[in-house]
Each structure stands twice: as structure tokens, then as C-alpha cells.
Amino acid sequence: MEYIYILFLIADAFLAYRFMYKDGSMKQKLLTSLPFVISGIYLTIVMGLYNSAYSLLIVAGLIASFIGDWVLRFDLFGMKGLPGIIAFALAHILYISAFSVRVPLTIKDLWLIVPWAVMLSLEIFAKKKMNINLGATAPAVLVYAMIIDAMVLLGIRAAVLTMNGGISVLRSIVLIAGVIMFIISDAGVCLMMFDGRKEIKTNKKTYKLNSFNVVTYYGGQMLIAASVLV
């Protein structure tokens, strides 16, 4: 079963390469998104997790993300990319629900509000520091940021609290890496959509922002899909 997942992972890497360097069309983008959806469905079926709320919510989130990949190019009510923002926000809400089902929240988890507020404040600061003009879409982006920040924290929480040693440690690390890669990819999308940036410059090298975004996004989604095995 894990071997089949690895084949999906290799297929996604190949399709992502084609999307980055050979064919940047919407058709190729959606083809590149198919492996993370199919792998989530496959793992759910093979593991017999038809009654697992966690697995079903993760798969639903993957499907919502697939839809988001398609509709992100559209505008709504004068807001750039709003249909895609809504679709991805729904995906994150489904992921949040899955993590909360896996490890139910308690009153003791209120402390997570602190790192959540810190993350949101840093994102707002970065936006102002980099002079990114979100225009009419600013309120939607703010709400989206609030949701994805919660998704990341609850994903990490669920991974840590289900880490029981052995193979479960690896699976927990996979989930943590997945949610972190997702939010990193979204930062790249924001820069491309609203700031028109195409490259990331460091002290020594320059990287294409699109390539960076593709690797982190599809990698993150494939890792989240693998969390069905948790």
C-alpha cells in the first residue's frame, strides 16, 4: 500500500516538473493536483477507513483544494481570486475538523491562541513591510490567513499528540511537514498574485517563485494525503 503511494508521489513530482518547465496550462495544473486527491482516496479505501471521520475529512479537504486550484484564477465581487480563496479556506476548515476529530480540543488548548495571534501579527507586519497591496481582497485574505494559521497549529498539535514511537513518529513528522509546506506555498501565491513577484532573492542565489510554490504546495498536499495512514 505504501509502495502505491510512493508511485503517486513520483507521478506528482513528474507532473509538477512538467507544470513548472514544460506546460503551465490550467489542464496541466489540474493534472498535477490529481495525484494528491487520488492518493488520499486510495489510502482510505485500501485501509478500509470508510467510517473514519478523520480520513473522510482529509479527502474532502483534498478535493476542495483541487477545486481551489481551478477557481483561483477567477475574480468575484471585484476581489481577485476570491472563489479560490473560498475553496481553499473550506479545505483548511475540513483539515481543521479532521485534526480536531483525531485529537479533540479541550479547554487546555486555549494557549494555542497565543502562537496563532503571533503568526497572524507577523503576516500582517510582513505585508506592510513588503508593501503588498491586496486591494479589495484584503478582508478575504485576512480571514483566510486566520483559518490557515489555525490549520497549521492544529495539524502540528494532532501530529505531536499522536506520536507514540516507531512508525507513528515518521507519520507525525510527515503531517507536520505537510501543513508547514502548505502555508509556505500560500505565502508564495500571495506574492505572485498581489505583488507580481516572480523571484525570491537570497544573498547568493535567485529562485523562481513559481517553482518554489509548486514544490511546497504539491509536496505539502501529498504529505497531508499520507496522514490518512495516521
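Analyst: Begin with a single residue. This is a predicted model, and Ser 172 is a part of helix α7, which spans residues 167-195.

User: Is Ser 172 buried or exposed?

Analyst: The idea is to compare the relative accessible area with a cut-off: under 20% is buried and over 50% is exposed. Ser 172 has a relative accessibility of 2%, so it counts as buried.

User: How do I read a pair of aromatic rings?

Analyst: Two values describe such a pair, the distance of the centres and the angle of the planes. In this structure, a search of the whole model finds 10 aromatic pairs. In one of them, Phe 36 and Tyr 218, the ring centres are 6.3 Å apart and the planes stand at 35°, so this pair is tilted.

User: Where do Phe 36 and Tyr 218 lie?

Analyst: Phe 36 belongs to helix α2 (residues 26-46) and Tyr 218 to helix α8 (residues 209-226), so the pair ties together parts 182 residues apart in sequence. Both Phe 36 and Tyr 218 are buried.

User: What kind of pair do the rings of Phe 88 and Tyr 217 form?

Analyst: Their planes are at 85° and their centres 6.1 Å apart, so the pair is edge-to-face. Phe 88 sits in helix α4 (residues 82-102) and Tyr 217 in helix α8, so this pair ties together parts that are 129 residues apart in sequence. Phe 88, at 8% relative accessibility, is counted as buried, and Tyr 217 is buried at 6%.

User: Which residues do ring pairs link into a cluster?

Analyst: The cluster consists of Phe 36, Phe 88, Phe 182, Tyr 217 and Tyr 218.

User: How do I read a salt bridge?

Analyst: Side chains of opposite charge can pair when their charged atoms come close. The search of the whole structure finds one salt bridge. It joins the side chains of Arg 157 and Asp 109, with 3.0 Å from N to O. Arg 157 is in helix α6 and Asp 109 in the loop between α4 and α5, so distant parts of the chain, 48 residues apart, are linked.

User: Are Arg 157 and Asp 109 buried or exposed?

Analyst: Arg 157 counts as buried at 9% relative accessibility. Asp 109 counts as buried too, at 15%.

User: How much space lies in the largest pocket?

Analyst: The largest pocket holds about 1200 Å³ of space. It is lined by 48 residues, and those closest to its centre are Asp 186, Ala 187, Val 189, Cys 190 and Leu 191.

User: Which helix gives the largest share of that lining?

Analyst: That is α7, with 12 residues. Each of α2, α4, α5, α6, α7 and α8 supplies at least two lining residues.

User: How does the lining divide by class?

Analyst: It has 34 nonpolar, five polar and nine charged residues.

Terms used:
Residues numbered from 1 in each chain as written. Predicted model: local features only at pLDDT ≥ 70, side-chain atom pairs only at ≥ 80, totals over all residues. Heavy atoms only, no water. Phe/Tyr/Trp six-rings, centres within 6.5 Å; stacked < 30°, edge-to-face > 60°. Helix = DSSP H or I, 4+ residues; strand = E, 2+ residues; numbered from the N terminus. Buried < 20%, exposed > 50% of the residue type's maximum accessible area, 1.4 Å probe, protein only. 1 Å grid on protein atoms, 1.4 Å probe; cavity = no way out; pocket = protein on both sides within 12 Å on 5 of 7 lines; lining within 4 Å. Points joined across faces, edges and corners; volume = space filled by probe spheres on them. Nonpolar A, V, L, I, M, F, W, Y, C, P; charged D, E, K, R; others polar. Salt bridge = Lys/Arg side-chain N within 4 Å of Asp/Glu carboxyl O.
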